[in-house]
Amino acid sequence: MKNESNPSRALHARAVWGAARPSFLLLSVGLALLAFSLPSAAASDWQLYALLMVMALSAHAAVNWLNEYEDFRSGLDSITVSTPFSGGSKSLQNYPHAAETVKWFGWTAVALVVVLAFFLWPYLNFYLVVFGLLGIGLILSYTRFLTRKPWLCLISPGLAFGPIMLLGMAWVLQGSLSWTAFWLSLTVFFQVNNLLLLNQFPDRLADRQVGRYNVLMHLGTDKGLQIFKVFLLMSLLPVVGVIYQWQSGWQVLLLAPVFLLSVLLLNALRTWQDEMNVTQMMPALALNVALAVSTPLLLATGFAISLHF
């Protein structure tokens with residue numbers, strides 16, 4: 001029995017790890033580092049830093065685990081074409097016996113966020129409590145409910161990672177509302193919305209089969225692409241403000257990749273058509289993920305340097 005159970009545990013662990021989509025968790029790491037690096041953040045409270053980092057990663061992993069479980073249960077992931085950026089991780093298609101384990105990890109991660117929030121109680125106010133409750137609500141309702149409401153599906157990812165996660169962490173660390181954090185949370189809002197929006201293009205036919213109804217189905221792919229481009233341009237405006245605030249050439253160079261990736265992404269979208277296959281979409285999908293993940297990390301690096309030099 002022992003020889004049979006060890007491989008089973010290993011396969012469950014592999015499924016849980018894959019379903020967490022660890023490469024995408026870098027986004028939450030970047031947001032936490034950005035919140036820590038902002039001016040006026042609590043400079044030496046490493047326990048508070050660690051607590052917020054664990055909460056951010058737990059919340060993000062919870063969404064991924066519960067989404068992976070629900071998409072497995074609905075059959076969605078079995079009819080999508082998997083890429084490194086869309087279509088699910090296929091972890092539960094490869095290890096279907098691990099489905100309940102993945103669901104258990106999702107709910108445990110949600111519970112961990114709630115428990116850890118009580119340790120933040122001295123730092124909280126009414127607005128932060130509302131932020132937290134709204135964040136939990138988004139985690140629990142995204143796959144089953146929000147993906148069937150086109151406008152809520154469009155903005156809920158960015159709302160969770162921008163105004164809730166980034167601004168919330170900065171508010172806790174600074175003790176008050178930071179306008180710098182607010183404007184940067186809008187960059188995150190638009191970029192993360194676009195992260196999910198572009199990933200919906202290769203999955204849209206499969207999504208329709210399981211009852212999802214996103215903005216691409218509501219308005220069509222042409223208008224969906226226009227929304228994407230507007231969001232992309234809107235996401236750059238707060239970054240321009242940060243550059244003006246730094247007024248330092250070598251720090252501005254850190255953000256050059258943000259604008260380069262944006263230009264390359266817009267160029268990659270020029271030839272998008274409905275009949276494109278997933279392989280043809282890959283360059284834009286990759287650039288879009290790189291933009292969303294790298295922007296918080298580059299901003300965090302710039303702020304960290306500006307505080308010490």
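**Close-up views of a predicted model**

**View 1. L25, with a relative accessibility of 15%, counts as buried.** Here buried means under 20% relative accessible area, exposed means over 50%, and partly exposed covers the values in between, as calculated with a 1.4 Å probe on protein chains only. The model is predicted, so that local features need pLDDT of at least 70 and side-chain atom pairs count only at pLDDT 80 or more, whereas totals for chains, interfaces and linings use all residues. Residues are numbered from 1 along each chain as its sequence is written, and side-chain values use heavy atoms, with hydrogens and water left out. L25 is found in the loop between α1 and α2, where helices are DSSP runs (H or I, at least four residues) numbered from the N terminus. Although L25 and L57 are 32 residues apart along the chain, their C-alpha atoms are separated by 6.7 Å. Leaving aside neighbours within four places in sequence, L25 is in contact (heavy atoms within 4.5 Å) with A20, L57, H60, A61 and N64.

View 2. R21 has a positive phi of about 50° although it is not a glycine, and at 17% relative accessibility R21 counts as buried. Most residues other than glycine have a negative phi. L26, by contrast, counts as partly exposed at 44% relative accessibility, and its C-alpha is 18 Å from that of E68, a residue 42 places away in sequence.

**View 3. K90 is found in the loop between α3 and α4 (91–94).** K90 is not a glycine, yet it has a positive phi, of about 65°. With a relative accessibility of 13%, K90 counts as buried.

**View 4. Helix α6 comprises residues 126–141.** The 16 residues of α6 reach 22 Å from the first C-alpha to the last, close to the 22 Å expected at 1.5 Å a residue, the expected span being 1.5 Å times one less than the number of residues. L128, G135, I136, L138 and I139 are the buried residues of α6. Seen down the axis of α6, these buried residues fall within an arc of 160°, so they line one face of the helix; the arc is that of the directions from the helix axis to the C-beta atoms. F126, Y127 and L133 are exposed on the other side of α6, while its buried residues pack against α3 (46–74), α5 (99–119) and α7 (150–174). The N-terminal end of α6 is capped by N125, of which a side-chain oxygen lies 3.0 Å from the backbone nitrogen of Y127.

**View 5. Helix α12 comprises residues 256–269.** With 14 residues, α12 reaches 20 Å from its first C-alpha to its last, close to the 20 Å expected at 1.5 Å a residue. Its buried residues are V258, L261, S262, L265 and L269. Seen down the axis of α12, they fall within an arc of 105°, so they line one face of the helix, and on the other side L260 and V263 are exposed.

**View 6. L198 and L265 touch the most other members of the largest nonpolar core, which has 89 residues.** A nonpolar core is a set of buried Ala, Val, Leu, Ile, Met, Phe, Trp, Tyr and Cys residues joined through side-chain atoms within 4.5 Å. Helix α3 gives the most to this core, with 13 residues. Not counting residues up to four places away in sequence, L198 touches F228, L265, L269, W272, A284, L285 and N288. Apart from this core lies another, of 5 residues, among them L138, Y142, C153 and I164.

**View 7. N288 has its place in helix α13 (residues 278–308).** N288 is buried, with a relative accessible area of 2%. Its contacts, leaving aside neighbours within four places in sequence, are N194, L195, L198, F228 and L265. The side chain of N288 reaches the backbone oxygen of N194 at 3.0 Å.

**View 8. Over residues 1–5, pLDDT stays under 50.** This score is the predictor's confidence in each residue, from 0 to 100. For residues 1–5 the model has 0 contacts beyond four places in sequence. Where pLDDT is low, the predicted coordinates should not be read in detail. The protein as a whole averages a pLDDT of 90, and 94% of the residues score at least 70.

Definitions and conventions. Helix = DSSP H or I, 4+ residues; strand = E, 2+ residues; numbered from the N terminus. Polar contact = N/O pair within 3.5 Å; in protein donor to acceptor, adjacent residues only side chain to side chain.
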